Each structure stands twice: as structure tokens, then as C-alpha cells.
Amino acid sequence: MTTSFGAAAIAKEPTVLQIIPGGFNGLKTASSTNSLLLAKRSPHLFPSSSSAASLIRAVSTPVKPDTSVEQKRSKVEIFKEQSNFIRYPLNEELLTDAPNINEAATQLIKFHGSYQQYNRDERGGRSYSFMLRTKNPCGKVSNKLYLVMDDLADQFGIGTLRLTTRQTFQLHGVLKKDLKTVMSSIINSMGSTLGACGDLNRNVLAPAAPLVKKDYLFAQKTAENIAALLTPQSGFYYDMWVDGEKFMTAEPPEVVKARNDNSHGTNFLDSPEPIYGTQFLPRKFKVAVTVPTDNSVDLFTNDIGVVVVSDADGEPQGFNIYVGGGMGRTHRQESTFPRLAEPLGYVPKEDILYAVKAIVVTQRENGRRDDRKYSRMKYLISSWGIEKFKAVAEQYYGKKFEPCHELPEWEFKSYLGWHEQGDGGLFCGLHVDNGRIKGKMKTTLREIIEKYNLNVRITPNQNIILCDIRQAWKRPITTALAQGGLLQPRYVDPLNATAMACPAFPLCPLAITEAERGIPDILKRVRAVFEKVGLKYSESVVIRITGCPNGCARPYMAELGFVGDGPNSYQIWLGGTPNQTVLANVFKDKVKIQDLEKVLEPLFYHWKRKRLSKESFGEFTNRMGKEKLVELVDKWAGIPLGPSRYNLKLFTDKETYEAMDSLARLQDKSAHQLAMEIIRNYVGSHQNGKTE
């Protein structure tokens, strides 16, 4: 059995389905992409052709498409095929004295959890290094693994740890000669980087909160089981980094049973990779699991979103499944786009692994392998339509998907601050700007985690949670955190609390402009505009910034998204919502960094004055519409002057105002901004000194 590159077209019959061999032509070639009509779907999704079809039962194994005609494949597909299950030529390249590896090995090392990079700030020759990304289902990190990662960052990295939007660590700056030492250290600490990158299932998200509640615990267990189910089995990872010695805990029997089950033709027979085969998946694959109302995982941005459904007594009974989400796109190619996952159906809890496997196999067999821009599952579903996708997946599942259960409204939960776990212990969520743990913060976290033997969890919003804290430890830990600059949520600027950025420059090879290094200044400028137009300090918008259109920080879900589209230039997206359930839309292209206020000031001014009760910025921009917003920005002539330019609530006399104004001008600020900063810093410093 070999991986097929075509799709099975299916015809509806009362008792049978017809399978028609044929290639998936919804997105046939690069030359035809401009003529794609992805939004238009034929009402006849499943054409019938008795002359070319084989009759089968509704839930039996699909007939494989004819593979006698050679299919066009991307270069990466050939690298995978010739690699002996992701070994060659990486194994040889790692032994050379060169600081880098060749093109094929660069693609293969992604499956091992690493990207080759170089410092783009340096001129002249390229200074190569490697970024390593861990695999931490649910964001769970043991005490031992955290301390090892902290050590590795100092010994072999750039002295920082980065928390990612998929609940993992990224370790930057590792030299090729140190890769095996670093990898083996992670593995020996019961960590892993296997599958953190590459064309396979990535880290499985779940709510990071260590709440002792039936639904949360069940969601986290399910996420761990899905991660285990879709972990590569051929041993290439351990062969490469620990000389074939496997460091694996015993898998739950339900995972082993689901992986080995081939009742419906899902597996490659006699293959070391029963689910992936030699070719693995067409592209990256992302899964998230959560509970009703909790959208801390950005559920709808994933290839598969899984939601626990419980009965009236709180006992988990099954899952709603959503499919087809994904963020990546390419500038100036409208046939690429971000997309939200849509409902597929409901399955009982004992079937979830079989359902997930069926969806993965549907993508494996039918996703495009010729042009990687269109290889994500979202493009397959956009071309086929959800009903056809469901029909094919049901054959691999062996059952019909039931209708999704109705769920309550979603909300974003950050889990910052102190909370009861439900077992007598506490957890403390800490905001980390852009997920970058460095300097005094890094030292402080290390000391606390080591002293109290704490396990931690990483959130999908690039923050960290300290777990299993005894009540008696709350006061000394709070004091230590404040001294290390890790403030409680009420002292964090609300704009910063929900903001995210990808690393971008200097190490990401795809970056077009700044993201992580640029976001602190952008947030300060947004705050200044807020104050200028009269918005309260407690008000906020969700801001996300990426240095390129691939969307690692999920900017297309933000209320205000900045997507790098040139040097010091951003494409601006508007219309996401605080609970991450609405996709943003392009508002303006090529906005230079120095011109941001020209766009933001009129938008925030009119939001302040024209919004409905409790209407978020994203909801406001959607209600107003792009045409009206463009008009407001284009006609903006500045904030209308009132009868007085002095804020009499803050300045009691003109002399005080003028003195403050002269000081503020030296810092390129308004008197009001400077006064508010002084007041907030004064209040914050005194409150930080108090014990909790």
C-alpha cells in the first residue's frame, strides 16, 4: 500500500456509496490557482458514474484512486520518500564539519523538532544555528524538564527560553555540533521534540489550567491520547539522538488498540509507520481539545478542534468535532487564506481516537502534495465542501458522525493570577511578554520552580502557570515574583495581557519585518492613542503581530492584527473578537510603521464615540464595515478641539500643567500621558510592596 495523491469521489445511494478513481482537482496546479472558485460549490458534490465506480458498503474501505499515472509532487515529498523514514541524509549531514546542513536534511530535521536558522542582522557570511521546539501536550512541563531547559538555554542557546502559541518551548541559537547533546538531554529528562515541526501532527493543545474538574481532566487526557496516537513509530528520532535507545512511558491500551486497528483500511500494512507511511502528511497538522466556554486554545484555528460534551451531572459523554481551521496564507495570492474550522459532528467518547484517525487519513490520502501552499486540510475541505469530506471520513471511521451538540458561548480565559485548583492546592498564571523568558525574570522563575519543586504549564497565549502550590507558599512566592518583575495581572497593561507576537527577526528566515522586537513600541503607541482619544486604561483590544503572513501568532483572529508585508510595513487586519470566534478581514495594505497613528487614531476615536453598549473593537469594526472605516480614516483631520485643552480632573492649575507639559515634551509624550505614567508607577510600586 502506498500513499495516494488523488481523492475518492463519492456518489450518494440509499445503501451504497460509489467510489470513482480520480485525482483531487479542486486545486489542480499552480497555474490554475487564479481561476479557483473556492467559495462556489456545486450542489452535486458526489457525482455518480456507474461505468467507473465500484460498489461498496457505506462504511467499508474506500477504493484507492488509480495511481498508475504519476502524480506531480513537491520537492519535499521526494525528500521524504528517499529518507528511510526521516533518517537520510540528515544522519550523514550531522557528522560533517560544516556549521549547516543541506536542503534535504533541512526539511527532515523539522520532523525531529528543529529548524535551521541564521542571524539576519549580521552582514557578510551566514552565522548558522538551530531552533529546537519541544512537544508538550496540554503545555505540561515537569519540574525536571523545566530546569533542564533553563540550563540548556544558558549553556547552548542564547540565554532565553521562548514560550510558544502552541504550549511548547523554543530554544534558539543551538549550534550544529551541540545538537545531539541538547536533544539527548531533553529526551533523558522525559521531554521530546519529536514532531514539534514537520508534516505530521504538531503539539496537541488543551486548556493549561490544572483544574481538578472532570471535564478539564478528561480534555487533557484526551489531548495526551491523541498526541500519543499520532506520534511517529518508526524510531528515527531515537536512532538519531540517543543511538536507538527509546525513552517512552507505557501507552494507554486504548491508544495502542486504535493505532493498530485497520478495520476500515486506515493503516499501512507491515509498515514501521502504520498511520503516516513513508510520506507522512501533506503538511503540518494541528489539533486542540477543550471544554465548553473555554477558548483559551483558539479552537477554530486548528485542523481538528475537539470539545468535551458532558451530561447534566458533569460526566463526559462524547465530543463535538470541528475541522478545517488554519492561519497560513501568502501575500497577493487570494487563493490562499486563513480559515475557521467548521462543525463535522459528534462522536461518543470511546470513539474519539478512531474519529481523529479517520480525519487524519482522509487528509493523508487526499490533501495536495504538489504545491505546499495548498496542502493544509483547510484547502481540501474548502474545495470538497464539508459534506463530501464527512462522507469520506465516515468510511475510514466506520460510522456516521452524529449532529454536533449545542454549546454555550465561548470566552477567552487567560488563567493569569492566583486560582484554586480544586484539590486544596493553588496555581498562579504569570504574564510573559511575547513568551520570552529572559534576564531577571528567568532567574526568578528558576529559583521559585526549583525551591518549591513546582511543575509548570505553558498556555497558548505564551504565558506560564506555576502548579501545585501550597497555601502557605502563596505569600513568599508572590513577593519573589514581584521582585523579579513578574507582576500580578492587575499591574499588567491590559493591552499587553492579550497581545502576542511571533519571533520574526533576527532568526526566522521567513520574516519580512519585525514582530517580537517591534511589539513593545507598538503597544506603547496604541496606549498613547487610547489616552489621546479618551479611552480608559482598563479598556483593551486583542493585538497580534507577525513578521510574515504565515500567521504563527494567529493575527487573523485578532481585533487588530499586524501582518508584515514589507520592510517596516504591515498589512492591517480588523474584526476578530475577544473570544476568538470570528475571522478578521484585511483593512489596509502597506501601512508604514511610522504611519500607524494615522490609521489607529480615527478608528479608536470613532469606536469610543459610536460603539454600542459593551461592543468590543472587533465587533464595532465588523458592524461599521470596511468601506465606512476607510472613509473615516481617509477623511481624518485630527481630534476636534474642545473648549479647553487642559484636563481639569488631573491638573488643578495651568502652571502645573505647563510644567508637566514641558517635561513630557522631552520624552515625546503629552502632559496627560506622563502624569498618568507617574501616578500608575507610584501606585504600582506601593501595591507591589504589600503582601498578598
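# Briefing on a predicted model

Pro-89 lies in the loop between helix H1 (75-81) and helix H2 (90-93). The structure is a predicted model, with a chain average pLDDT of 88 and 86% of the residues scoring at least 70.

**Confidence**

- Residues 1-63 have a pLDDT that stays under 50, although the model has 148 contacts beyond four places in sequence for this stretch.
- For residues 644-648 the pLDDT is likewise below 50, and this stretch has four contacts in the model beyond near neighbours in sequence.
- Where pLDDT is low, predicted coordinates should not be read in detail.

**Backbone geometry**

- Most peptide bonds are trans, and most residues other than glycine have a negative phi.
- Pro-506 is placed in the loop between strand S18 (500-501) and helix H15 (519-533).
- Gln-167 is not a glycine, yet its phi is positive, at about 65°.
- The loop that holds Gln-167 runs between strand S7 (161-163) and strand S8 (169-174).

**Packing of helices H8 and H9**

- The axes of helix H8 (residues 253-260) and helix H9 (residues 352-366) come within 9 Å and cross at roughly 35°, and the crossing is right-handed.
- On the H8 side, Glu-254, Val-255, Lys-257, Ala-258, Arg-259 and Asn-260 take part in the contact, meeting Leu-353, Tyr-354 and Lys-357 in H9.
- By class, this contact of H8 with H9 comprises four nonpolar, one polar and four charged residues.

**Surroundings of Glu-342**

- Glu-342 belongs to strand S12 (residues 342-348).
- Apart from neighbours within four places in sequence, Glu-342 is in contact with Ile-321, Tyr-322, Val-323, Ile-381 and Ile-386.

**Cavities**

- The model has four cavities of 30 Å³ or more, and the largest cavity holds about 60 Å³ of space.
- Ten residues line the largest cavity, and Leu-194, Pro-232, Gln-233, Gly-235 and Tyr-238 are those that lie nearest its centre.
- The lining of the largest cavity has six nonpolar, three polar and one charged residues by class.

Terms used:
Residues numbered from 1 in each chain as written. Predicted model: local features only at pLDDT ≥ 70, side-chain atom pairs only at ≥ 80, totals over all residues. Heavy atoms only, no water. Axes fitted to C-alpha atoms, helices over the stretch in contact; angles between N-to-C directions. Helix = DSSP H or I, 4+ residues; strand = E, 2+ residues; numbered from the N terminus. Left-handed = near helix turned anticlockwise from the far one by under 90°. Contact = heavy atoms within 4.5 Å. Nonpolar A, V, L, I, M, F, W, Y, C, P; charged D, E, K, R; others polar. 1 Å grid on protein atoms, 1.4 Å probe; cavity = no way out; pocket = protein on both sides within 12 Å on 5 of 7 lines; lining within 4 Å. Points joined across faces, edges and corners; volume = space filled by probe spheres on them. pLDDT = per-residue confidence, 0-100.
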